[in-house]
Amino acid sequence: MADAAKRLSSALQRVPIWLVYVIGFIPAVMNFTLGVLDQLGADPMRTLERALGEWSLRFLIIGLCVTPLRQLAGVSLLRYRRAFGLLAFWYVTLHLLTYMVLDQGLDWGAIWADIVKRPYITIGMASFVLLVPLALTSNNLSIRRLGALAWNRLHKLVYLAAAGGALHYVMLVKAWPLEPLVYAAIVATLLAYRLVRAVAKPARVRRPAPDGTVMPSPRSRLAR
Ligand code: HEM
């Protein structure tokens, strides 16, 4: 089992990071292409908006799976965690732009009214705002400037953003379809996992590696 995990990890290490970005952007390219070709169904704008929102949530979840996967199965995708986080950010940015440009026609009054009056938009916007500093500091220079401890603390905001994103999805549906509840349950489980580990053992953070990557201590229970 440990051997298989090791082999899988070393095979995965050979996947270049740029390939993760290329594969990660395929759904966006496909959806925009289908949109241009008028193949997105009866309400193309809504379909595009929803697909981008859903992919953002998926990448947030994939990013949150990295630590449990390493701790529980010994499979390390740490090298790609930044890519997962940035993909989540770019998808939510495209989701927001679709909403602002195609849905609201850049009517700032209507956008502001939506943000303050519709709770699911308020929560979505708050989650987006939380992701901005994370995206801006997802580089080695920021890790060196902030220091490992502060950087790790700041990047814990991803928990709130993921919870907000999942809540936003649950709130926007009128009935109780399964999909948003499944996403919410996955996010809740991933966050509960960290809480349990944190309570069981307080976090310890290592100094950044020479390339600036913060390698969480094996004993760190709150590592992202
Ligand atoms: C981290 C932040 C966010 C995440 C993870 C997220 C995710 C999602 C998801 C999963 C959906 C539903 C997709 C589906 O129905 O299949 C959705 C729909 C939507 N989101 Fe977001 N979203 C975020 C932020 C925002 C922001 C900032 C806005 C606008 C200010 C926004 C506006 C909308 C709208 C208008 C819909 C479609 C509602 C409808 O179907 O009528 N979202 N979002």
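Trainee: What share of the contacts in the protein chain with a separation of 6 or more comes from residues 24 or more positions apart?
Mentor: 65%. Two residues are in contact if their C-beta atoms, placed from the backbone, lie within 7 Å. Keep in mind that this is a predicted model: local features need pLDDT of at least 70, side-chain atom pairs count only at pLDDT 80 or more, and totals for chains, interfaces and linings use all residues. Residues are numbered from 1 along each chain as its sequence is written.

Trainee: How many helices and strands in the protein chain?
Mentor: 10 helices and 0 strands. Both are DSSP runs numbered from the N terminus: helices are H or I, at least four residues, and strands are E, at least two.

Trainee: Now the ligand. How many residues surround the ligand?
Mentor: 23, and the closest are Arg50, Gly53, Gly124, Ser127 and Gly165. The cut-off is a backbone-placed C-beta atom within 6 Å.

Trainee: Which helix gives the most to that shell?
Mentor: Helix 3, with 7 residues. Helix 9 (157-172) is among the elements that give two or more.

Trainee: Switching to Gly164. Where is Gly164 found?
Mentor: In helix 9.

Trainee: Why does Gly164 count as buried?
Mentor: Because Gly164 has 22 C-beta neighbours inside 10 Å. Buried takes 20 or more other C-beta atoms within 10 Å of a residue's own, all placed from the backbone.

Trainee: And what is Gly164 in contact with, beyond its neighbours within four places in sequence?
Mentor: Ile123, Ala126, Ser127 and Leu130. Of these, Ser127 is also among the residues closest to the ligand.

Technical notes:
Buried ≥ 20, exposed ≤ 12 C-beta atoms within 10 Å, placed from the backbone.
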